[in-house]
Amino acid sequence: MNSGKLYLVGLGPGDAGHLTPAAAAAIADSDELVGYHYYIEQVAEPAAGKTLHSMELGQELERAALAVDIAYSGKTVAVVSSGDAGIYGMAGPVYRVLTDRDWDGAEPEVESVPGVSALQSAAALLGSPLMQDFCAISLSNLLTPWEQIRRRLEAAAAGDFVAALYNPRSRRRTSQLDEAREIFLGHRAPGTPVGIVRHAYRPEQAVALADLGGLDGAALGVDMFTTVVIGNSNTYVHNGRMVTPRGYEVKQ
Ligand code: SAH
């Protein structure tokens, strides 16, 4: 049997400068590309001349199955995600399909190419918010029950973790960010800095700061292109930068 290859490629936040050379090489090496149409458009140039399978949101398992079929047929296929494919990306559905098909771990070859995830892009634009222990929490309850997400928010808040919130607010899911704020306010001061980064490293980029007590998702335009970073109890704002101290002052 012809042995194909499947790449799981993280494209980074959006601009060509943050697409890694390894990601560009994986795309160049591929015969076909599979991914959400918005991300396929993002790599139009390196993808020129390849067979493109653009998908709508919600078709993740179907597209993962298509990509696995292509790889089993002996071709090389790249499945692309924004940021890192292994963080709320296409790696999940692809490994799900491979597991269901009893993949032998070798053929087709599967290789992940890491990308710059949204929390890293957001942190870079905000200052240095992730300088102490942090966590990522997706507020989307499409695949995870809200009760479970609530428990994780509660634990992150109680544990004084800096929290990067992915999928914070959509047209239909408008209450989750407000609930997250209330949970954090149970453990953190209303003045705790919050960074709001929309469309990091894309032409529409917008960066804003708020405080936890005044975190109003609707007024701030928080949507599905936004990552929200909630500081810990030591985070402060200096000249428009969100700073979480590393702790050197304690060491001295
Ligand atoms: N695999 C991606 C995350 C996909 S989940 C990654 O590693 O970054 C989709 C969520 O990621 C969005 O709702 C948003 O919260 C965040 N996100 C992705 N790209 C972003 C960008 N350029 N700017 C801000 N947030 C982004």
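Student: How far apart do the C-alpha centres of domain 1 and domain 2 lie?
Tutor: This is a predicted model, in which local features need pLDDT of at least 70, side-chain atom pairs count only at pLDDT 80 or more, and totals for chains, interfaces and linings use all residues. Residues are numbered from 1 along each chain as its sequence is written, and side-chain values use heavy atoms, with hydrogens and water left out. The domain assignment, automatic or from a database, gives domain 1 (5-116) and domain 2 (119-243). The C-alpha centres of these two domains are separated by 28 Å.

Student: How many residues does the contact take from domain 1 and from domain 2?
Tutor: Contact means heavy atoms within 4.5 Å. Domain 1 supplies 11 residues to the contact, and domain 2 supplies 12 residues.

Student: Which residues come nearest to the ligand?
Tutor: A residue is near a molecule if one of its heavy atoms lies within 4 Å of it. There are 19 residues around the ligand, and those that come nearest are Ile87, Ser117, Met224, Thr226 and Thr227.

Student: Which ligand atom lies 3.4 Å from an N or O atom in the side chain of arginine 202?
Tutor: A polar contact here is a pair of N or O atoms within 3.5 Å. For serine 117, a polar side-chain atom is 2.6 Å from an oxygen atom of the ligand, and for asparagine 167 the distance from a side-chain N or O atom to a ligand oxygen atom is 3.0 Å. For arginine 202, the ligand atom is a nitrogen atom.

Terms used: Polar contact = N/O pair within 3.5 Å; in protein donor to acceptor, adjacent residues only side chain to side chain.
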